Amino acid sequence: MVAGLHSLLNRMSQVSEQELYSLRMQRSREKMERDKTELHLSQFKRKLRVCVATCNRADYSKLAPIMFGIKAHSDEFELEVVVLGSHLIDDYGNTFRMIEQDDFGIDSKLHTIVRGEDEAAMVESVGLALVKLPDVLQRLRPDILIVHGDRFDALALATAAALMNIRILHLEGGEVSGTIDDSIRHAISKLAHYHACCTRMAEQHLIAMCEDHSRILLAGCPSYDKLLLTHHKDDYMDIIKSWLGDKVQDHDYIVALQHPVTTDIQHSIKIYGLMLDALLSFNKKTLILFPNIDAGSKEMVRVMRKKGIEQHPNFRAVKHIPFEQFIQLVCHAGCMIGNSSCGVREAGAFGTPVINLGTRQTGRETGENVLHVRDADTHNKIYHALELQFGKRYPCSKIYGDGSAVPRILKFLRSIDLDEPLQKTFCFPPVKESISQDIDHILETQSALAVDLGGTNLRVAIVCMRGKILKKYTENNPRTFEDRMDLILKMCKDAVQDAVSINCRILGVGVSTGGRVNPQEGVVLHSTKLIQEWSCVNLRTPISDALHLPVWVDNDGNCAALAEKKFGHGKGVENFVTVITGTGIGGGIIHHHELIHGSTFCAAELGHIMVSLEGPECSCGSRGCIEAYASGMALQREAKMLHDEDLLKVEGMDMKICEPITAAHLISAARMGNSKAAAVLHKASTALGVGIVNILHIVNPSLVVLSGVLGSFYQEPVQQVISQRALTSAQTIRVVTSHLEEPALLGAASMVLDYATRRTY
């Protein structure tokens with residue numbers, strides 16, 4: 001029986017081994033077939049035909065690194081090169097030769113420039129390019145056309161390719177400058193199917209322009225791939241001396257490059273002349289490049305020759321410099337001046353100080369090395385900018401690239417599916433904006449006009465960006481609507497006039513007032529009893545009409561919260577509550593960095609949170625509100641009752657016979673041992689603490705700020721109530737006392753400073 005069992009097991013083992021061997025052989029055959037199929041397919045896989053079109057010396061510096069990358073992967077890509085525009089004009093250096101020197105075969109040269117250097121010539125040049133391009137594109141039949149930037153030649157390329165159903169990859173879309181280039185750049189972006197942008201901001205702009213996020217690559221600037229590798233050459237002094245002479249020193253010369261602004265040619269010519277005058281006065285070796293071919297360039301060259309720049313011993317005027325040498329010259333310059341995009345882009349990688357003149361680069365993202373002189377209306381202003389910038393060194397900036405743009409772009413090209421539809425899809429995301437340095441902002445202080453409408457006083461102040469009150473005006477608040485409005489307008493007009501004398505630029509008017517306010521319309525809906533004739537009042541329209549400034553209006557409690565958010569303990573805190581403890585009780589709630597107004601604009605009426613069903617009567621008509629216990633009026637009421645019963649004054653307490661009784665007397669009596677006064681304050685503190693506990697349980701902030709004259713008194717007892725009565729998770733929330741002396745004015749100012757400075761240059 002045992003022998004039979006062993007025989008059965010042996011047969012089973014043999015069968016198992018046979019099946020295993022058969023399975024292995026089958027898998028091996030399948031793998032061989034699969035490898036054979038993949039090899040067969042790879043042999044027939046067509047290379048991606050990529051056409052790179054270059055129009056001028058500037059765009060070639062961005063396109064050349066990509067062209068080298070495509071050429072290095074000839075097994076995957078087939079490079080086609082089209083040259084047009086100013087590359088083929090002798091006056092601009094016949095720069096197509098540097099493309100040939102880089103050993104690129106040029107598939108087509110198109111003479112597309114109609115000479116004249118005016119607006120009509122630019123239009124005619126676009127038309128001529130559109131006439132010639134279809135034959136070239138039909139012959140080359142590229143899978144994708146790479147177009148760079150914002151030149152009118154590039155617009156012709158993109159238009160022709162789009163109409164011929166050729167996919168377009170647009171480089172450096174989404175950026176913002178300040179001339180017709182913006183319109184051209186965005187038009188090309190709308191025609192393009194794919195985008196390789198340089199900065200996160202540009203990516204957000206493209207998304208906001210409805211471009212498909214999946215077709216946008218944040219690559220960085222391709223020129224950075226080259227300049228970050230080559231700008232530390234050992235022979236840089238030889239290059240500098242070859243262009244500027246043997247006596248020039250490192251960081252002791254200027255590179256100047258100014259182009260015409262086609263939307264304001266005459267003004268750009270004037271700025272060019274002022275720049276040359278300033279450079280002549282500054283008396284430093286200067287390498288000046290001829291302007292580009294845009295309308296107005298001929299007149300700028302005339303200005304240069306009229307001033308004798310080409311013959312001046314301090315100047316070297318040139319039409320073209322090879323990019324590798326230009327990098328060295330910019331890197332080691334004492335300063336770069338003009339309006340070239342190189343100044344706001346590439347120069348930042350070296351920390352070279354830059355002076356950007358006029359509006360041509362308005363809106364570009366810049367490093368701290370760029371000083372803008374947008375209103376370059378005097379020789380002295382430009383000369384002063386040269387004094388500020390020349391010889392400085394700034395931290396190197398990599399806003400526009402990290403040196404790895406080309407590998408990202410090649411990977412992106414590989415991912416393009418030629419079988420997917422050309423039709424673009426669109427979406428509507430938000431857009432962010434940028435703020436940059438401006439010489440006018442250095443010379444002039446951005447400020448807000450703040451108005452505080454209190455029950456007793458009407459106050460107006462000029463408040464600077466840092467929250468400093470530069471000048472303040474105080475008057476008694478009139479009792480009637482007409483007198484009050486007349487006084488507001490008079491005080492505001494006086495303040496605006498005074499702002500000029502103290503070198504302030506008023507950005508707008510912020511108004512803080514008691515009562516319920518609709519901030520969207522700038523209307524006071526209902527007022528407190530302290531301010532009469534102040535319901536259904538439109539404050540925004542009359543103030544804005546009189547001063548020609550934007551106006552913001554909000555409740556005084558909300559303004560106190562905004563003041564803490566910008567200048568106080570709430571700076572950088574995502575969720576916090578401000579409680580005003582003054583004549584009344586109010587406040588504001590900041591949730592996710594935003595002020596909460598509520599559906600009917602009565603959110604954060606913290607003084608009217610009920611803490612007792614049968615408490616004292618409140619000014620709102622209800623009973624048991626926090627304000628009925630803990631406000632200055634409530635404490636004054638209790639102090640008067642004790643005084644009338646002769647229970648307030650204690651030995652050693654300084655109290656004049658005619659002096660009106662206030663909350664201060666109650667606090668003073670309690671501190672000197674008056675048990676009755678102490679009991680009143682204990683009840684007030686407990687009521688306020690319980691109300692704040694309710695707030696913590698509803699909105700769960702991470703911080704409570706007590707503002708107003710009673711804030712410092714209430715801080716410790718409120719913290720104790722929280723630790724005793726709040727849920728465990730809320731017991732550790734801090735209560736702090738505001739250090740702001742004028743929260744209403746600062747809050748009113750913060751509305752202006754936060755909104756009015758959200759603008760792009």
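These numbered points walk through a predicted model of one protein chain.

1. **How to read the model.** Residues are numbered from 1 along each chain as its sequence is written.

2. **The whole chain.** The protein chain has 25 helices and 26 strands. Both are DSSP runs, numbered from the N terminus: helices are H or I with at least four residues, strands are E with at least two. Of the 761 residues, 54% count as buried. Buried means under 20% relative accessible area, exposed means over 50%, and partly exposed lies in between (1.4 Å probe, protein chains only). Now take the contacts in the chain with a separation of 6 or more: residues 24 or more positions apart account for 68% of them. A contact means heavy atoms within 4.5 Å.

3. **The open sheet.** Seven strands form an open sheet, with parallel pairing. Their order is S3-S2-S1-S4-S5-S6-S7. Strands S3 (108–110) and S7 (216–218) stand at the edges. Each has a single partner strand, so one side of each is left without a neighbour in the sheet. The twist averages 20° from one strand to the next. Two strands pair if DSSP finds at least two bridges between them. Strand S6 (residues 194–197) and S7 run parallel and are joined by three bridges. His195 stands opposite Ile216 in S7.

4. **Helices across the sheet.** Helix H2 (residues 57–72) lies across strands S1 (48–54), S2 (77–84), S4 (144–148) and S5 (167–171). Helix H2 runs at about 160° to S1. Helix H5 (residues 152–163) also lies across S1, S2, S4 and S5, and runs at about 160° to S4. For these angles, axes are lines fitted to C-alpha atoms, for helices over the stretch in contact; angles run from 0 to 180 degrees between N-to-C directions.

5. UniProt lists Asp556 as "active site" in an unreviewed entry. UniProt positions use the numbering given here, feature names are shortened, and annotations may be inferred rather than shown by experiment. Asp556 is found in helix H19 (residues 556–567). Is Asp556 buried or partly exposed? Its relative accessible area is 29%, so Asp556 is partly exposed. Leaving aside neighbours within four places in sequence, Asp556 contacts Ser512, Thr513, Gly514 and Ile580. Its side chain also makes a polar contact with the side chain of Asn555 (3.4 Å). A polar contact is a pair of N or O atoms within 3.5 Å; within protein, one must be able to donate a hydrogen and the other to accept it, and residues adjacent in sequence count only if both atoms are side-chain atoms.

6. The unreviewed UniProt entry places "binding site" at His608, Cys618, Cys620 and Cys625. They span 18 residues in sequence, yet no two of their C-alpha atoms are more than 8.8 Å apart, so they gather at one spot. Cys618 lies in the loop between strand S24 (594–595) and helix H20 (626–630). Cys625 is placed in the loop between S24 and H20. Cys618 counts as buried at 5% relative accessibility, and Cys625 counts as buried at 1%.

Notes. Predicted model: local features only at pLDDT ≥ 70, side-chain atom pairs only at ≥ 80, totals over all residues. Heavy atoms only, no water.
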